[in-house]
Amino acid sequence: MMDYRTAGVNIEEGYKSVEKIKGYAKRTLSPLVLNTLGSFAGMMEIPEGYRRPVLISGTDGVGTKLRIAFDLGKYDTVGIDCVAMCVNDILCHGAQPLFFLDYIACGKLDAEVSSELVKGIAEGCLQGGLSLIGGETAEMPGFYEEGDYDMAGFAVGVSEKDAIITGDEIRPGDVLIGLPSSGFHSNGYSLLRRVFTDYQESFQDTTMGEYLLRPTRIYTDIVQKAMKNFVIRGMAHVTGGGFIENLPRMLTSSALRINVNLDSYALPEIYRLLEERGVKRDTFYNTFNTGIGYVFCIRREDCAQFMEFLKANGEFPVELGYIDEGEEAICLR
């Protein structure tokens with residue numbers, strides 16, 4: 001006799017996983033959420049007060065950082081990365097985050113592992129101001145190896161149409177202000193796993209494995225405060241591709257150029273180790289965030305006040321560079 005269990009799918013373990021997950025997701029729900037967990041779809045009202053609301057969405061995953069989590073048996077932080085990689089993107093256009101949905105796939109479902117993954121997702125939603133209104137867990141024997149998991153998700157936010165930050169207002173002379181990252185976030189891990197193979201190696205009062213698993217910082221709180229108090233002309237999430245790929249994404253005019261002063265801040269100590277172990281410095285700026293996870297573009301006349309505002313809110317901002325005219329999209333000096 002053949003059934004789904006003999007084919008490798010344990011329905012009962014799926015039910016167990018869902019029951020464990022419900023409690024984590026429930027903590028994130030706002031009064032705007034209209035459905036209960038387990039519905040066929042997630043539903044959420046758009047907040048009142050918008051005249052011409054525009055939905056802004058972003059999707060991403062965690063990448064091979066997951067491999068380190070599984071090797072160390074620590075599953076409760078990578079969900080934060082999954083949320084962060086999505087919500088930090090939509091923040092760049094001025095979105096007010098609304099909701100998140102996740103997708104987890106595996107070879108053999110373990111309810112304890114899957115619930116820990118979703119625990120991290122729920123924590124990321126709480127940090128990012130989103131409601132976790134649904135998701136999907138797929139057990140796929142023969143497609144994924146037993147013990148392997150993958151995860152992805154998407155975030156949706158809302159903005160008034162005439163308040164969307166597009167980069168159209170960026171002008172020569174505008175200033176770039178960077179905010180620190182919390183580590184490598186969720187980029188470059190295929191390279192990092194080749195360089196740092198001993199996860200028990202000591203580094204900065206922790207182990208290398210713990211350092212590499214530091215979750216991606218979520219910038220919702222400080223971005224929303226900044227937008228209420230200042231004219232923000234552009235923003236960039238420094239994710240995969242580093243400065244070289246991500247900072248020019250703020251620009252809509254091919255006549256403008258990003259100028260970054262690399263001496264404006266000190267590279268984190270981990271990059272010295274990377275260089276000692278054979279990674280060329282040129283690789284840093286198109287692979288990693290190099291210690292800066294989020295960048296604002298503001299008017300020159302607002303710079304001093306903006307820096308003081310950030311410091312008053314517990315930030316350690318860096319005046320990273322400026323905008324001028326030029327044929328190349330970005331210049332690292």
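This is a predicted model: local features need pLDDT of at least 70, side-chain atom pairs count only at pLDDT 80 or more; totals for chains, interfaces and linings use all residues.
View 1. In β11, glutamate 325 is the bridge partner of leucine 256. The pairing of β9 with strand β11 (residues 318–325) is antiparallel and spans five bridges. β9 is mostly covered, with five of its five residues buried.

**View 2. Strand β9 and its partner β12.** Strand β9 (residues 256–260) is also joined to β12, by three bridges. These two strands run parallel. Look for asparagine 259, which stands opposite cysteine 331 in β12.

**View 3. The six-stranded sheet.** Six strands make up this open sheet. Their order is β8-β10-β5-β11-β9-β12, and the pairing is mixed. β8 (232–237) and β12 (330–332) are the edge strands, each pairing on one side only. On average, neighbouring strands of this sheet are turned by 25° against each other, direction ignored.

View 4. Helix α7 (residues 220–229) lies across β5 (175–180), β8 and β10. α7 runs at about 170° to β8. α3 lies across β8 and β10 (292–298). The angle of α3 to β8 is about 160°.

**View 5. The four-stranded sheet.** A second open sheet holds four strands, in the order β1-β4-β2-β3. Its pairing is mixed. β1 (53–61) and β3 (131–139) stand at the edges. Each has a single partner strand, so one side of each is left without a neighbour in the sheet. Neighbouring strands of this sheet are turned by 15° against each other on average, direction ignored.

View 6. Strand β2 (residues 96–106) pairs with β3 in the parallel sense, over eight bridges.

**View 7. Helix α3 against helix α4.** Packed helices are described by the angle between their axes and the distance between the axes. Helix α3 (residues 78–91) and helix α4 (residues 111–128) pack at about 40°, with axes 6 Å apart. That angle makes α3 oblique to α4. The crossing of α3 past α4 is right-handed. From α3, the contact uses Val78, Gly79, Ile80, Val83 and Val87. From α4, they meet Leu117, Gly120, Ile121, Glu123, Gly124, Cys125, Gln127 and Gly128. By class, the contact of α3 with α4 holds seven nonpolar, five polar and one charged residue.

**View 8. Helix α1 against helix α4.** Helix α1 (residues 11–26) packs with α4 at an angle of about 25°. The axes of α1 and α4 are 9 Å apart. This angle makes α1 roughly parallel to α4. α1 passes α4 in a right-handed crossing. α1 brings Glu13, Lys16, Ser17, Lys20, Ile21 and Tyr24 to the contact. α4 brings Ala111, Glu112, Ser114, Ser115, Glu116, Val118, Lys119 and Ala122. The contact of α1 with α4 counts five nonpolar, three polar and six charged residues.

**View 9. Glutamine 305 on helix α11.** Glutamine 305 sits in helix α11 (residues 303–312). Is this residue, glutamine 305, buried or exposed? Glutamine 305 counts as exposed because its relative accessibility is 55%, and the cut-off for exposed is over 50%. Glutamine 305 and leucine 132 are 173 residues apart in sequence. In space, their C-alpha atoms are 36 Å apart.

Definitions and conventions. Residues are numbered from 1 along each chain as its sequence is written. Side-chain values use heavy atoms; hydrogens and water are left out. Buried means under 20% relative accessible area, exposed over 50%, partly exposed in between (1.4 Å probe, protein chains only). Axes are lines fitted to C-alpha atoms, for helices over the stretch in contact, and angles run from 0 to 180 degrees between N-to-C directions. Angles under 35 degrees count as roughly parallel, over 145 as roughly antiparallel, 65 to 115 as roughly perpendicular and the rest as oblique. A crossing is left-handed if the near helix is turned anticlockwise from the far one by less than a right angle, and right-handed if clockwise. Contact means heavy atoms within 4.5 Å. Ala, Val, Leu, Ile, Met, Phe, Trp, Tyr, Cys and Pro count as nonpolar, Asp, Glu, Lys and Arg as charged, and the others, Gly among them, as polar. Two strands pair if DSSP finds at least two bridges between them.
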